[in-house]
Amino acid sequence: MGNKRWPAIIATPEMRSSYDTVIIGGGGHGLATAHYLAKNHGITDVAVLEGSWIGGGNTARNTTIVRSDYLLNASFGLKNFALKLWGELSQELNFNLMYEPRGYVDLAHSDGELEHFTIRANAMRLGGASVEILTGQALQDCVPELDLNSAARFPVAGALFQPAGGVIRHDAVAWGFARKASQAGIHIFQKTPVTKINITKDKVNSVDTPQGRINCRQVFISVAGASNQVASLAGLDLPIHSINVQAFVTEPVKPALKTVVNYNAGLSYISQTAKGEFVLGGASDGYNSFARRGSFARIEDVLARALQMFPFLSRLRLMRHWSGTADISMDGNAIIGQLPIDGLSINCGWGYAGFKATPAVGHQMAELLANNATPDLIKPFTYDRFANGAEIDDAGAGPYPWHH
Amino acid sequence: MSHVPDCRLPDGGLIDRNITLNFSFDGIAMQCYSGDTLASALLANGQHLVARSLKYHHPRGIVSAGLEEPSALVTVTDQYGSTPNLKVTEVVMRDGLTVTSQNNHPSLKRDYGRFLKLGGGALSAGFYYKTFLWPKHAWHKYFAPIIRNLAGQGRVDPTPDHAHYDKRRKFCDVLVIGSGPAGCAAALTAAQGGATTILIEQDHILGGSLLYSQDSIDGLNATDWAADTSEALHALSNVTVMTRTLAFGQYDHGLIQAIETGQDGDINRAIMWKIRARKIILATGAIERPVVFPGNDKPGIMLANAVCQYIRRFAVSPGTRAVVAVAAEEDRLRAIAAMQDAGIEIAAILSPGDQIISATGRLHVNAFTWKNDKGQRQRTKCDLVVWLDANRAYICPDGRKADISC
Ligand SMILES: Cc1cc2nc3c(=O)[nH]c(=O)nc-3n(C[C@H](O)[C@H](O)[C@H](O)COP(=O)(O)OP(=O)(O)OC[C@H]3O[C@@H](n4cnc5c(N)ncnc54)[C@H](O)[C@@H]3O)c2cc1C
């Protein structure tokens, strides 16, 4: 049990002057792509360049929720594929990602909203997911801790329940993918920010880092909150806003909540970690910022809503709160695929919803990078969909990033 | 426990011996005085062992006298229901509290969770990632629920909370956080210069380190100066003094968030304050740095200024025979003087450069082992270790990296 002789999670190789493929960003998405490049395509002439440390971006700042309850085929398809992959990844990586499908409960607060949830549930069923609409006693049995009887301002009409939804240990995801990719021979460099992307005649040829230039055939950008900044190195202006999003945890207590529950009259969601802390999050702070420092107003707002679901929370105190820069596109969905520069591709726009998709993005992007052709699951997420009018707006919220 | 020893010193301290308060700890009736914190109340009753650590369920005692308390967390039940994970050092005593230890089964003294430790060395960092992996789904179905039940500290009261809480705002020219000598002097000076001033203190009285100091200011002894200054501040119309108020964060554009804890008779159990000030002065003092060595988490091992505080402010003797491992000379001399005044025997005083080997004892420290500068191994019996590091003055186990499970 001592685990005394653990080697370091990733190797520290000498940096070569040239790689076939450079992945910018050592978050979950970039590292998953590296893993699947090696595993599915045998491609290991790859460098992952991480500006700070592995998983230090949104990957280890998120609230660890995985689920696939999306209305539109494109968003559902990718996330449901991810759920299937999550179920197998601990064994595949030989690293316990602590996937706990405790069930995801999405609360509706009016009959109209519940009807809308039912449409979503039906769409999911058509896609092969298991999902239920719960009301009354059935909902109370599913979430015994939930206060359904109080005179709350927004009473609960019912819920969409996805049993396979749940939580996964987020930093384990980054380390698990990194370890496996490194074992396969892929080079991962931390503290190596890309400062320039060099392009000649509309074709990528190298990237610059403080450690030197790296020549390469293709570059994949997967930097979440820094997407605008890195894309601008290639002269691109993305339809993305960088918005502050917060999360926080209470002190640890004995198990008091099994499921993951989301409150929809203004956003507030909650789950309890294996360690006993309640993790809470909600809507974005609503303003553009790279500061990764949140406003207290949002914390109060999220907590007030959480208390309506679970009044007992008033006795607990927050231990930590933090924030991440969410990259939110004009339709609230990701932008994945090739860019109008030869050899350059991107994955961004996941905002505060991309953790769940991590293995699916990695799987699909690896296929794209290996075959130079866009696989079906990510085809709808093209960069040019905004010009073509083919938005994927699950929420129907319109072109306002902070509404998504 | 049949006999509860009385560790209260016969006189001294900023406690009101005319007002006796009753409370219970794990079902045992105890008494203390008005002015006590739960920490000093427990120590006065000889109760050092108050908790079990989160992961290995090691016995844990009271290390500090302030908010930095790392391990002495308990559940406190009052008229509002029960509240888990309160630091004993932050609970101001009032009559009728029911206090229970957490995270142990069946009891604090015999806790089965400690067997987690058996079967090998410590659970290293990353242990969970490599373990409980097979067979597929076993983590979720079998291991995670077990780990969840062992983890967590207290139990949250599931009933709705009927207490009132409020949110309020304040504005001022100068906000001073912390009411030690620096904070009190700053608030007084600002106010006398005409600034609207707020002084925030998390303790229930002003004074900070003055409350257990033997120093004098302006010819007055420290506690008298604190009392006089407190009176002077209260008398000024442009000063608002907020005790029992903890400033916990500064947000964009100088917004300070603070939480005021109500006392018996208040309508609100707590008030969340949002304070905006033109100038903010942090006068929050320092937190002592502990020394890292095997066994350093045993009950009876305490920070130097905490020991001074228990003796001087609360008139409680935290032990009978002490080993002193306090690197900073001033703090060392202060701690030794306080212990001598309390009649505590000094078993040994370590010099900076000595090599600490370990503290031993099952439920309470009973011996301390170290090597002196001549390389001689020393061991002495004790029931109190007073420690404080300064720039890693003590060499910890063999200069090797210590493998310490917690
Ligand atoms: C508070 C919060 C809560 C969230 N909750 C959830 C949730 O419950 N469920 C969910 O599915 N999603 C959630 N998300 C979203 C999710 O975290 C992200 O969508 C996802 O983790 C993005 O992964 P990534 O690998 O693309 O990004 P990251 O993990 O951010 O990785 C990008 C990396 O790129 C690096 N980088 C940046 N610039 C450079 C450069 N110039 N050179 C080299 N490297 C660079 C960064 O250092 C970073 O490590 C949440 C996000 C936040 C902020």
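Predicted model: local features only at pLDDT ≥ 70, side-chain atom pairs only at ≥ 80, totals over all residues.
Salt bridges are absent here. The count between domain 1 of chain A and domain 2 of chain A is 0.

## Layout and area of the domain interface

Both domains are built from separate stretches of chain A. Domain 1 takes 18-62, 171-239 and 331-403. Domain 2 takes 99-164 and 241-327. Their C-alpha centres lie 29 Å apart.

Contact involves 17 residues of domain 1 of chain A and 18 residues of domain 2 of chain A. Together the domains bury about 1,400 Å². Carbon and sulfur atoms account for 52% of that area. Three residues stand out on the domain 1 side: A:Arg61, A:Tyr352 and A:Trp402. They supply 45% of the area that domain 1 buries against domain 2, more than any other three residues.

## Where chain B meets chain A

Which residues count on each side of the chain interface? Here 55 residues of chain B are in contact with 46 residues of chain A. The area buried between the two chains is about 4,300 Å². Carbon and sulfur atoms give 54% of it.

Charged pairing does occur between the chains. The interface of chain B and chain A holds 5 salt bridges. One of them joins the side chains of A:Glu300 and B:Lys167, with N to O at 3.0 Å. Polar contacts link 22 residue pairs across the interface of chain B and chain A, with both residues at pLDDT 80 or more.

## What chain B brings to the interface

Several elements of chain B each supply at least two residues of the side that touches chain A. The helices are α2 (127-130) and α3 (138-150). The strands are β6 (81-87), β8 (164-177), β13 (245-251) and β15 (268-282). Helix α3 of chain B gives the most, with 7 residues.

By class, the side of chain B that touches chain A has 26 nonpolar, 18 polar and 11 charged residues.

Key:
Residues numbered from 1 in each chain as written. Chains lettered and ligands numbered in written order. Heavy atoms only, no water. Domains from an automatic or database assignment. Contact = heavy atoms within 4.5 Å. Buried area = accessible area lost by both parts, 1.4 Å probe. Salt bridge = Lys/Arg side-chain N within 4 Å of Asp/Glu carboxyl O. Polar contact = N/O pair within 3.5 Å; in protein donor to acceptor, adjacent residues only side chain to side chain. Helix = DSSP H or I, 4+ residues; strand = E, 2+ residues; numbered from the N terminus. Nonpolar A, V, L, I, M, F, W, Y, C, P; charged D, E, K, R; others polar.
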